[in-house]
Amino acid sequence: MKKKIRWVGRALVFLICISFAFVFLMPTVLTITNSFMEKSEIAANYGIIFSSLSSGSKTFVSEEVNLKFIPDKVSFSQYKTALIMSPDYLLKFWNSVILVVPIVLGQLLVACFAAYSFTRYRGRFKEILFFFYIILMLMPYQVTLVPNFLVSQWLGVYNTRWAVILPGIFAPFAVFLLTKFMRRIPFSLIEAAKLDGAGEFQIFRQVCIPMCRSALYSVAILVFIDYWNMVEQPLILLENVDLHPLSIFLSKINSTEAGLAFAVATVYMLPTLFMFLHGEEYLVEGITYSGSVKG
Amino acid sequence: MKTKSVRAKYEVREKLTCNTFLLASFSGVLLFYILPFCVVMYYSVTSADISNHSFVGLDNFKTVINNNAFRLAAKNTLTFSFTAVPLAVILALGLALLLESKIPGKSMMRTFFLSPMMVPIASIVLVWQVIFDFNGTLNQFLTQWGLDKIDWFKSEYGQIPIVLMFLWKNLGYNMILFMAALNNMPRELIEEAQVDGAGRLYCFFKIKVRYLSPTLLFVTILSLINSFKIFREVYLLTGDYPFESLYLLQHYMNNMFSALDYQKLSAAAVLMAGAMVLIIAILFICESIFGKDVEG
């Protein structure tokens, strides 16, 4: 009897979890499947919400909105429009790449050295400094908005890509996370390398970095996801709309061309999707390590 | 004696090399964050007159605090954060506890829960519009059940879809953090307590929650930070001037920025930073009192 109750309980838990999980997955699936719908189908399904979808044409618009997951007819027409007919999207995609890749690489490079320094020879000054980094990391973007703007003007990089890239490179998040990882490296290992006559730089390059390879990857994924979706920074630091990344541009076509928006969003999702599927373990590891402020 | 001094010299040199590693990051942080923030603090106590930045004390702060738009924004931001953050923490903990039990397909579910992280913000906004628009899917359901339609984004209910979006985006991340913490829980302790006849509730509140307290602290802080990031979505959904219930502090600051009113903006930024430091300090103190005998 008791065994049976336990079994029923477990089944119930499973049902709850799996239904929750599907609810969470739904918007992602919706974006992907709807990107394969034809323009007319999108207009028919969502025309009542985005009235401009069907204006002028004599397409059928259903009275009610139709949240549909499976397209009537799989078509690549939206992709064709997005990728071949209008070079704008590819250009914006390139803008995103050219902003985000230097930030991720730069932040990792700077953070590697800083984290190593925070790990070795921990003095009082450094502990206070590290605490500063944490506080800084926790500040909402609006607090750093004016500082970023001021600096970009001092340096004369306002309205150029550097205005976004430079503050990104020195953002403290990666330093924090990598320090967490590095502090777990057994001290004896470093001491052993030292006895073998290795200098600090050698220890850093030949002991520390190889041991942190998975950590670097997980930090890279987290930083990438964050900046790939940035909105505020370009809006404030890049007056020139031509330099804006796709993350902002995408939202502008939502109401006018929803179908296209789904296709472009799917394309935009590809890099994160790839990183996600390829490195989910690292991602989870990265999140896990971010979990302890102390230590 | 001589060898010792050579060794000491070596140590000093190595320490110096090690500290220079910090130089790039430190100067960057100084230049891009700390120094400009000092300037912001300076702005916040001077007058807007460009010819002579005269000291005006707390006048800017007074103007900002007495400003109706700021008050509305602060109220809305507080309401949002104080609903969304506790929900995100509690629900994520609940999910993590559920996923602790022996059920199949756990890793798949974990992937599903993390999937919101990779969806571009613009398409989240698109999906939310489809669901919560006046003619959207949700209102369709409501009318089917004979209820009145609600214009979600343009009513006092405006925060509900945003809270749901926040939960959808953040539960997975928080859940992973809790799952990791639960994994590191000393099993023997719980088993011993159970042998001693402790009930399930006792085990949960007196043992698990205590051991989770550092994680609880961190998840709370993280959710708080992310609750400020939801502005991106709200902005893309509703623009510069949304309905009253969705006018957040960030809207206020962005609009100050567009109006080039740096004095008020700086005062608001300093207030916000101060509030954040205060909240973080309170959370840290709570954690150190609550979880002090389990530090290890």
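Predicted model: local features only at pLDDT ≥ 70, side-chain atom pairs only at ≥ 80, totals over all residues.

Colleague: Which residues of H7(A) are buried?

Modeller: Helix H7 of chain A spans residues 162-169 and is mostly covered. Seven of its eight residues are buried. These are Ala163(A), Val164(A), Ile165(A), Leu166(A), Pro167(A), Gly168(A) and Ile169(A).

Colleague: Where in chain B is confidence highest?

Modeller: The mean pLDDT of chain B is 84, and 95% of its residues reach 70 or more. The lowest confidence in chain B falls in helix H8 (residues 187-195) of chain B, with a mean of 78. The highest, a mean of 92, belongs to helix H3 (residues 68-98) of chain B.

Colleague: What ipTM does the model score?

Modeller: Two scores are given for the model as a whole. The pTM is 0.87, and the ipTM is 0.84.

Colleague: Is chain A more spread out than a compact globule, or less?

Modeller: Chain A has 15 helices and zero strands. For its 295 residues the globule rule gives 19 Å, and the radius of gyration of chain A is 24 Å, well over that value. Its C-alpha atoms fill a box of roughly 80 × 75 × 30 Å along the principal axes. Because the radius of gyration is well over the rule, chain A is more spread out than a compact globule.

Colleague: What is the radius of gyration of chain B?

Modeller: Chain B is built from 12 helices and zero strands. The globule rule gives 19 Å for 296 residues, and the value for chain B is well over this, so chain B is more spread out than a compact globule. Its C-alpha atoms occupy a box of roughly 85 × 70 × 35 Å, taken along the principal axes. The radius of gyration of chain B is 25 Å.

Colleague: Which helix gives the largest share of the side of chain A that touches chain B?

Modeller: The contact takes 77 residues from chain A and 79 residues from chain B. By class, the side of chain A that touches chain B has 56 nonpolar, 14 polar and seven charged residues. The largest share of that side, 15 residues, comes from helix H1 (residues 2-34) of chain A.

Colleague: Which residues have the most contacts inside the largest nonpolar core?

Modeller: The largest nonpolar core has 170 residues. Its largest share, 14 residues, comes from helix H4 (residues 87-119) of chain A. Ala269(B) touches residues of both chains, including Val143(A), Val146(A), Val40(B) and Met253(B), leaving aside residues up to four places away in sequence. The residues with the most contacts inside the core are Leu178(A), Ala92(B), Ala268(B) and Ala269(B).

Colleague: How many residues of domain 2 of chain B take part in the contact with domain 1 of chain B?

Modeller: Chain B is assigned domain 1 (1-44) and domain 2 (58-294), with 36 Å between their C-alpha centres. The side of domain 1 of chain B that touches domain 2 of chain B has three nonpolar, one polar and no charged residues. The contact takes four residues from domain 1 of chain B, while domain 2 of chain B gives seven residues.

Colleague: How far apart do the C-alpha centres of the domains of chain A lie?

Modeller: Chain A is divided into domain 1 (34-75) and domain 2 (86-289). The distance between the C-alpha centres of domain 1 of chain A and domain 2 of chain A is 38 Å.

Methods: Residues numbered from 1 in each chain as written. Chains lettered and ligands numbered in written order. pLDDT = per-residue confidence, 0-100. Helix = DSSP H or I, 4+ residues; strand = E, 2+ residues; numbered from the N terminus. Rg over C-alpha atoms; globule rule 2.2 N^0.38 Å. Buried ≥ 20, exposed ≤ 12 C-beta atoms within 10 Å, placed from the backbone. Contact = placed C-beta atoms within 7 Å. Nonpolar A, V, L, I, M, F, W, Y, C, P; charged D, E, K, R; others polar. Domains from an automatic or database assignment. Core = buried A, V, L, I, M, F, W, Y, C linked by C-beta atoms within 7 Å.
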